[in-house]
Amino acid sequence: MDHLRFSGLDFEKQRAILIDILKADTLTRSALKRARDFDLADWMIVSGAIYNTVWNSLTGKPSGYGIKDIDLFYFDASDLSWEAEDLVVKAGEAHFTELPIAVGNP
């Protein structure tokens, strides 16, 4: 297993490989597309979904292996109330229902 094969490359090459890995993975690609279509302010998918997708690709594991959920971070300064957050959570539950694993805002 040559999981370090990209470690000596410069940042831009590693970045391009990361993007290619994330786009090639069906689960991550679908989550990213749905997150983009959800139209949240200043969002990103973070944590294990990214790490495990890359690790799975580098070690030959199947898509989604070891991923319990997909963490979706966002920041919307227009309303920081619990009520606004609850509305986003409920809308997100409906929006991401087609994914085989849960999407949440930790």
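**Overall layout.** I began with the secondary structure and found 4 helices and 3 strands in the chain. For these I used DSSP runs, numbered from the N terminus: helices are H or I with at least four residues, and strands are E with at least two. Along the sequence I read the pattern α-α-β-α-β-α-β.

**Ground rules.** I kept in mind that this is a predicted model, where local features need pLDDT of at least 70, side-chain atom pairs count only at pLDDT 80 or more, and totals for chains, interfaces and linings use all residues. Residues are numbered from 1 along each chain as its sequence is written, and side-chain values use heavy atoms, with hydrogens and water left out.

**Whole-chain numbers.** I looked up the extent of the C-alpha trace, which spans about 50 × 30 × 20 Å along its principal axes. The accessible surface comes to about 7200 Å², and 58% of it belongs to carbon and sulfur atoms; the areas come from the Shrake-Rupley method with a 1.4 Å probe, and for residues only the protein chains shown count as cover. Of the 106 residues, 28% count as buried. My cut-offs were under 20% relative accessible area for buried, over 50% for exposed, and partly exposed in between (1.4 Å probe, protein chains only). I then took contacts, meaning heavy atoms within 4.5 Å. Among those between residues at least 6 apart in sequence, 73% join residues at least 24 apart.

**Helix H1.** I found H1 at residues 11-24, with 14 residues. From first C-alpha to last, H1 reaches 20 Å, close to the 20 Å expected at 1.5 Å a residue; the expected span is 1.5 Å times one less than the number of residues. Which residues of H1 are buried? I noted Ile17, Ile21 and Leu22. They lie on the same side of H1, because they cover an arc of only 135° around the axis, taken from the directions from the helix axis to the C-beta atoms. I reminded myself that an α-helix has 3.6 residues a turn, so residues three or four places apart point the same way. On the face turned away from the buried side I saw the exposed residues Asp20 and Lys23. The cover over the buried residues of H1 includes H2 and helix H3 (48-59).

**Helix H3.** H3 has 12 residues and reaches 15 Å, close to the 16 Å expected. Its buried residues include Ala49, Ile50, Val54 and Leu58. I found the buried residues of H3 packing against H1, H2, E1 and strand E2 (69-73). After H3 comes Gly60, with a positive phi near 80°.

**The loop between H2 and E1.** Leaving aside neighbours within four places in sequence, Leu40 is in contact with Leu72, Tyr74 and Val88. I also checked Leu40 against Asp76: they are 36 residues apart in sequence and 7.7 Å apart in space, C-alpha to C-alpha.

In this loop I also found Asp39 and Asp42. Most residues other than glycine have a negative phi. Asp39 has a positive phi of about 65°, and Asp42 has a positive phi of about 45°. Asp39 counts as exposed at 66% relative accessibility, and Asp42 counts as exposed at 59%.
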